[in-house]
Structures are given as C-alpha cells and as structure tokens.
Amino acid sequence: MGLSVDVHKDLGAFRLDVSFETESGQLTGLLGASGCGKSMTLRCIAGIERPDRGRIVLDGRVLFDSEAHIDLPPQQRRVGYLFQSYALFPNMTVEQNIAVGVREKKARRETVERLVRTLYLEGQEKKYPRQLSGGQQQRVALARILASVPEALLLDEPFSALDSYLKWQVELELSDLLSSFPGPVLFVTHNRDEVQRLCQQVCVLDNGRSQAVLPVQQLFQAPRTLSACLLSGCKNISRARAAGDGQVEALDWGVTLTPAGPLPEGLSHIGVRAHYIKPVDGPGPNRLPCTVERVVENVFSTVVMLSTPGGSQGFSRLRIELEKGRWPELADRDPLWLELPAGDLLPLTRDG
C-alpha cells in the first residue's frame, strides 16, 4: 500500500504532468528547480488545488478521480501538509496549536501531552510561535499534523525558512521523527544534498513533467537525463552524438569518448563529475589536452577551470576538483592532459 499520483493541470503557459508511486514507510524526494511544479503537486494531493484530470489513490482509498467524479475535500483526505512557513496560528500557544489537529475532543489533552514529549517541546507549551526558534516552530507544526493521524505526509521545503546554522540540527531531528512514520512521505526540495541524506528514492520534476522514480543512489551514480544530471550537481556537460562503435562525440569539448556501457536511445549529452576527472601524463583513450583558465582554492579542495579543444566558453570548459595540496605538482603543465574515465562518463537523454 502507498500513494499513487497521476495528475494533469493546464495553467496556460505552464502545464503540470506528474505521475509516480511511492510505498508506505518510504520517503520520496520530489527534486526540481524553482517553478517546476513541486509545490503544485503537493497542493493537488492535499486537495488545495484541483487537477484538470487524473487520479490520486492513498492506501487503496481514492482521493481524486476525474473520470469517476471523486474529489474529496482536504479534511477528508487524511494527508498532513507541512507548509514552508509552517502556518502556525500566531495568537495560539504551542499546546493550542497542536490541539487544533486532534480530531477526537476526548483524546485532546492526552494527544497533546504525548506529542509534546515525542517532539521534545517540554517547557514550551505556553509559548507563542514568535517566542520559538525556527526548529521549535517546525516541530510544533509537525506535531499539529501528527495529531490528526494522517495517512501520508507532504513536506514542502521544510528547511527553507531556517537560518543555515539551524538547518543541520533540525534536519537530524526531522529524520529521526520520519523514520517511525508508517505512511508514505513526500519531501519537496531543490537541494540535492537533502535528498541524498534523507530520501530512499527520488522523482525529478522538470518544467512540470515528472521523470521515472529512481533510487537516490542511482540519481547520483547514473542519472539518465540531462535535467536529472544537472540537478544531481554535475557541472561538466557537453552536447553529444553517437559516433559508432559505442563511441560518443562530445561536441562542446572537441573530443571523441568511449563510455563503459551501452548508449541510450536518444543520446543528446554526456557528463562527467569534477572529482572523477584524472590529470594524466599524455595522450590516450578518453584523454584531451586542456589549458588552465582559473584556479580556485576552497577550504578542503582546489577547483581548476580549463578550456578544452572545443573552446573556453560555457559548456566547452571543464571543471576538475582536486585534493588540497595536489595542484602545485600540476601547475606547470601546459597543456594539462585529462582523462575522463570510461566508467564515470554519463550518457544522457534530453528528457524522461
């Protein structure tokens, strides 16, 4: 049992076409750039927005079905929605905010006391939201949601309202709490690191369209599409075309490469992550001569920007990342030969 979503909504210049499934007890990331439809998808699931057509099913219970004319109101969907702003009532105390979510009045006091303990809010019960830290506000909002005994949780960029120094601690706390939630959890973010740390699987949204749900590790180790590769943090991308015999012409880099595996149908680009590129002594398979354009010293690494035989602008440049202290031994090489290992090349298609 879990959550099945297939929704379509035409908003004029923007169209939402999203379809995916997630199992109970699983945390699924919805990853995409701002404006790609992540929050709109959650609003459709929660019943705040009505899709033009489609179907939403939670644990076998139909929440929305355009053909069957089913459209349950938000209060009947049993879905907990954690907004970016947390949406706490400013004129209510912590315990009053939590009590709002309790469906059975007889169990109100017991439920509030239990959730205060569970979410480490002891001593905060009589405080108002303005008197709480960002992390405490988030825990109150989550307690209010859990008080309604939801069957699924929808988290809309839950760390976006927090100062950077709070995010790490709040993320750890939220991760611990979600590990015991029995239903499906959707986690909306544009931050790939949050997806990697928190989620078991991920669905990439690109301009309103969903791609296939992937295990999180696959997104980072072997993304299949250009948008997924970019969202996973890969900064070295070239337009590409098949050159026969399993080879790929990297048009922007001016080199022909041989990836380790079979090429996908509809190949359009090829990528390689900065930390996998190897400085080498000279020519060879999957190697190209480069000219150093800029060296940037980070705290724990050195980033080197290089022009390739394809040029020195835009995607024609390569970025490599070296261990701290490695650069001095390479600085005098001109050209600097680089190897793009076959097993680390990422053949990509334009969409899912």
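## Second largest pocket

The second largest pocket has a volume of about 350 Å³, where a pocket is, on a 1 Å grid over the protein atoms alone, an open set of points at which a 1.4 Å probe fits, with protein on both sides within 12 Å along at least five of seven lines. Of the 14 residues that line this second pocket, R192, S232, G233, R273 and H275 are the closest to its centre, a lining residue being one with an atom within 4 Å of a point.

By class, this lining comprises six charged, four polar and four nonpolar residues. Both α6 (192-198) and β20 (318-323) supply at least two of its residues, and α6 gives the most, with three.

## Basis of the model

The model is predicted, with local features needing pLDDT of at least 70 and side-chain atom pairs counting only at pLDDT 80 or more, while totals for chains, interfaces and linings use all residues. Residues are numbered from 1 along each chain as its sequence is written, and side-chain values use heavy atoms, with hydrogens and water left out.

## Largest pocket

About 550 Å³ of space lies in the largest pocket. Its lining is made up of 22 residues, of which V79, G80, Y81, I145 and S148 lie nearest the centre.

This lining divides into 14 nonpolar, four polar and four charged residues. At least two lining residues come from each of β7 (79-82) and α4 (134-147), and β7 provides the largest share, four residues; helices (H or I, at least four residues) and strands (E, at least two) are DSSP runs numbered from the N terminus.

Methods: Grid points are joined across faces, edges and corners, and a volume is the space filled by probe spheres set on the points. Ala, Val, Leu, Ile, Met, Phe, Trp, Tyr, Cys and Pro count as nonpolar, Asp, Glu, Lys and Arg as charged, and the others, Gly among them, as polar.
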